[in-house]
Amino acid sequence: MTPFLDVFCTQTDRHNVFYPLLRQIMNKDSQMRAAINQKLIEMGERERLKELLRAKLVECGWRDQLKAHCKDVIREKGLEHVTVEDLVTEVTPKGRALVPDSVKKELLQRIRAFLAQHATL
Amino acid sequence: MKMEDMPLSGPDNTKLEALVHDIYSELVEDACLGLCFEVHRAVKQGYFFLDETDQESMKEFEIVDQPGVDIFGQVYNQWKNKECECPNCKRLIAASRFAPHLEKCLGMGRNSSRIANRRLASNNNMSKSESDQEDNDDLNDNDWSYGAEKKAKKRKSDKVFLHFKQLSFIHLSLQIFLFIHFSCGENVDH
């Protein structure tokens, strides 16, 4: 149990006060997010964005940079013993940081345009 | 700056802006994970460091482009005109005709009327036919293997008959024993 829940110590407190409150706070937000994510997928826009990102990252050399970093990680951990978790923990933060600004801006712009068209408030 | 480049403003729009950034982060993370999986597979399958092979090995495995030879440098039609000895009939057969010849010779291929050959073979040798799945299928398929079917059936009924004989012997002897036991018992004074 999370420490937060200790504030509402009795079972009835939790069910009568905490969960409904949480549901109300989360509801509108998460509903809207869920609806937008669903629209992104259904209209194929998420797939298109993924492909666009992949193409741009290959073009700007991000992929090769990160692959070189992977080689270092593998040489460090040993070829036989490297696991997916090792790679993910070492590579993902660096990957996120290495995305060039132009690529990031373009993607954000496209997502904003999609939301402006399809988000209902 | 164009209008669409500016982040959205306003209270609801800060939420939207946060959502935009979240969607972007998800996409970037997908790309990173994709790379990790690809690299991990390459490591485990052993082709990750292939681009770092030395020049010598690279030369050894270069694509060959000469006439009469395939890309690996092997001659690919040197067995065309050879002859092989059939292990069954001891004749010399051309290599390209060898497989069909073996089918007919050994009686094992799809079109070799193997049932006829089997019957001939079994009549010659007077041995029991094997109960292969293949054989049974053949027997079921053809009308003129009636003789073989009848033989199999008869043998089966022979077995049944034998057991019956044994049972009736036991039954008979039991009856006799009981008859003697009870008839003698009547005469005995307790």
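A: B:Asp30 is partly exposed, at a relative accessible area of 28%. On this scale, buried means under 20% relative accessible area, exposed means over 50%, and partly exposed lies in between (1.4 Å probe, protein chains only). This is a predicted model, where local features need pLDDT of at least 70 and side-chain atom pairs count only at pLDDT 80 or more, while totals for chains, interfaces and linings use all residues. Residues are numbered from 1 along each chain as its sequence is written, chains are lettered from A and ligands numbered from 1 in the order in which they are written, and side-chain values use heavy atoms, with hydrogens and water left out.

The side chain of B:Asp30 forms a salt bridge with that of A:Arg46 (3.4 Å, N to O). A salt bridge is a side-chain nitrogen of Lys or Arg within 4 Å of a carboxyl oxygen of Asp or Glu. A:Arg46 sits in helix 2 of chain A and B:Asp30 in helix 1 of chain B, so the pair joins two chains. Helices here are DSSP runs (H or I, at least four residues), strands are E runs of at least two, and both are numbered from the N terminus. Side chains of opposite charge can pair when their charged atoms come close.

Other pairs cross between the chains too. B:Glu17 and A:Arg112 meet through their side chains in a salt bridge (3.1 Å, N to O). B:Glu17 lies in helix 1 of chain B and A:Arg112 in helix 5 of chain A, so this pair also joins two chains. B:Glu17 is buried, with 10% relative accessible area. A:Arg112 counts as buried as well, at 10%. B:Glu38 and A:Arg63 make another salt bridge (2.3 Å, N to O).

Across the interface of chain A and chain B, the rule finds 11 salt bridges.

Which parts of chain A face chain B? Helix 1, helix 2, helix 3, helix 4 and helix 5 each supply at least two residues to that side. Helix 3 of chain A gives the largest share, 8 residues. By class, this side of chain A has 22 nonpolar, 5 polar and 13 charged residues. For these classes, Ala, Val, Leu, Ile, Met, Phe, Trp, Tyr, Cys and Pro count as nonpolar, Asp, Glu, Lys and Arg as charged, and the others, Gly among them, as polar.

Now the extent of the meeting. The contact takes 40 residues from chain A and 36 residues from chain B. Contact means heavy atoms within 4.5 Å. The area buried between the two chains is about 3,600 Å², and carbon and sulfur atoms give 72% of it. Buried area is the accessible area (1.4 Å probe) that two parts lose on being put together, summed over both. A:Arg33, A:Lys71 and A:Arg112 supply 16% of the area that chain A buries against chain B, more than any other three residues.

A:Lys71 deserves a look. It lies in helix 3 of chain A, residues 62-77. A:Lys71 is buried, at a relative accessible area of 15%. Beyond residues up to four places away in sequence, A:Lys71 touches B:Phe48, B:Phe49, B:Asp51 and B:Glu52. Its side chain makes a polar contact with that of B:Glu52 (3.3 Å). A network of salt bridges links A:Lys71, A:Asp72, A:Arg75, B:Asp51 and B:Glu52.

Nonpolar residues join in as well. The largest nonpolar core has 38 residues, and A:Ile36, A:Leu53, A:Leu87, A:Leu115 and B:Val39 touch the most other members. Such a core is a set of buried Ala, Val, Leu, Ile, Met, Phe, Trp, Tyr and Cys residues joined through side-chain atoms within 4.5 Å. Helix 1 of chain B gives the most to this core, with 14 residues. A:Ile36 is in contact with A:Leu115, A:Ala119, B:Leu16, B:Leu19 and B:Ile23, leaving aside neighbours within four places in sequence.

Note on methods:
Polar contact = N/O pair within 3.5 Å; in protein donor to acceptor, adjacent residues only side chain to side chain.
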